[in-house]
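Have a go at each task before you read the solution.

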Amino acid sequence: MIPESVKKYITPQVSIAPLAVFRFLFGFIMLVSIIRFTLKGWIYELYVEPDYFFTYYGFDWVTPLGETGMYLLFFVMGLAALSVMLGYYYRFGIILFFLCFTYVELIDKTNYLNHYYFVSIISFLLMWVPAHHSFSLDVLRKPSLRKEYVPAWTVNIFKLQLGLVYFFAGAAKLNPDWLVNAMPMRIWLPANADLPIIGPLLEYTSTAYIFSWAGAVYDLTIAFFLLWKPTRIFAYITVIIFHMMTYFLFQIGMFPFIMILCTLIFFSADFHQKIIGAISGLRKLLPFSVPNSEPTPKKSEEFQLSKNSTNVIGGILIIHFILQLLVPLRFALYPGHLFWTEQGYRFSWRVMLMEKAGHITFNVTDPATDRQWQVRNYKYLTPNQEKMMSTQPDMILQFAHYLEDEYQKQGINDIKITAESYVTLNGRRSQPMINSDVDLTNQDRGFTHKDWILPFNENQQNWFRSLQ
């Protein structure tokens, strides 16, 4: 039995305009992102050039398609994004986009970014909603699809998802490094001191504290201010200022623009109708003829799902949001300092919380001959892969297993591989991270605690963990 207080966000029929605009803007920004990714040469650099890829546990079967295949895949993904944007064979387009994008992100966790994970989630949610039943070429192609109203849940699931992202990002900032030490802002901000006007201000320690505290407050509260009509416009102005500052100061790619466009869904139906009118008006600028408008329905029509479809989609979404609540909290199951061990770090909306750097040397011993040697990591990894691997224990273990396989192919069996890893976290002196006496070839990959990670030498507790 669903409480009435919850039901009002699920069952009432609401205007389809916010959902249609959300679909259009998401497809647009994805198309721009794919074109940008291609022009920067990242398809070759990240998915063709490397000889080895750090796959996610359980997804070792996901491998790149080769040079031609990867370029073709991105071309198809671009067409799928265009299909979503225009609402042209939308259902096929969004499923294809989700599969292509998620497949690419599963190839190498070296490239993991929170906003890539966010894109996969949003495209997954878009698969279950009728976002093409208005403001789309599908309606021009098939007028019977035209609807004016959709169930409220088709719009509110995106608000909920955005709210969870912001809230968990804010909760993750409730730790001593961020609030008490203003780290890593004290490292990052002075690096932008050459910027005009605001540059000199970024060298002050007090500026780092202002950025840290303001960032935490912003993340924890922005979704609530966007939900409330009296504060919505001011909150959205804050969204633009916040994300544009992160774009210029930290060069974090398309994430700021994605969030700026996606948070428009908090606005009213009337606001989105104006966006639709403005975009529709652009057809006059085109050098070819475009149909004047979508057919006007004879009466207000609502989108209704069958009972079976409601049950299936409802079950999928309930499971999805339960996971969205639990996955960011899984770090509480692991001992040790989260930023140090990174057990439960990915997929938890921890955005720009640490400055971590390290150096690692793998020592190999052949028990048959007692011969020992050190691995030249650069022979197997790109500079970016080596950089990311040197501070992330699961990638260190995965690479040790890869080396074991490589030596076995050369006829060297039962080798012992140990690692000497020194890592610095948020400006502290570097310290050993891996127990150098442990033979990593005997350690299993998986989700269990890695007891061969040496403890962090400062008693720092995440305040949010203490509340659990």
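**Exercise 1. Work out what share of the contacts with a separation of 6 or more joins residues 24 or more positions apart.**

Step one: a contact means heavy atoms within 4.5 Å. Step two: among contacts in the protein with a separation of 6 or more, 73% link residues 24 or more positions apart.

A quick note on the ground rules: this is a predicted model, so local features need pLDDT of at least 70, side-chain atom pairs count only at pLDDT 80 or more, and totals for chains, interfaces and linings use all residues. Residues are numbered from 1 along each chain as its sequence is written, and side-chain values use heavy atoms, with hydrogens and water left out.

**Exercise 2. Check the radius of gyration against what a compact globule would have.**

Step one: take the radius over C-alpha atoms, and for the globule rule use 2.2 Å times the number of residues to the power 0.38. Step two: for 468 residues the rule gives a value near 23 Å, and the protein has 25 Å, which agrees. Step three: for the outline, the C-alpha atoms fill a box of roughly 85 × 55 × 50 Å along the principal axes.

**Exercise 3. Describe the span that UniProt lists as "domain: HTTM-like".**

Step one: the unreviewed UniProt entry gives residues 11-271; positions follow the numbering used here, feature names are shortened, and annotations may be inferred rather than shown by experiment. Step two: count helices (DSSP runs of H or I, at least four residues) and strands (E, at least two), numbered from the N terminus. The protein has 19 helices and 6 strands. Step three: residues 11-271 are 65% helix and 2% strand, and their end C-alpha atoms lie 22 Å apart.

**Exercise 4. Find where the cis peptide bond from M183 to P184 falls.**

Step one: omega for this bond is near 10°. Step two: P184 belongs to the loop between α9 (176-179) and α10 (185-188).
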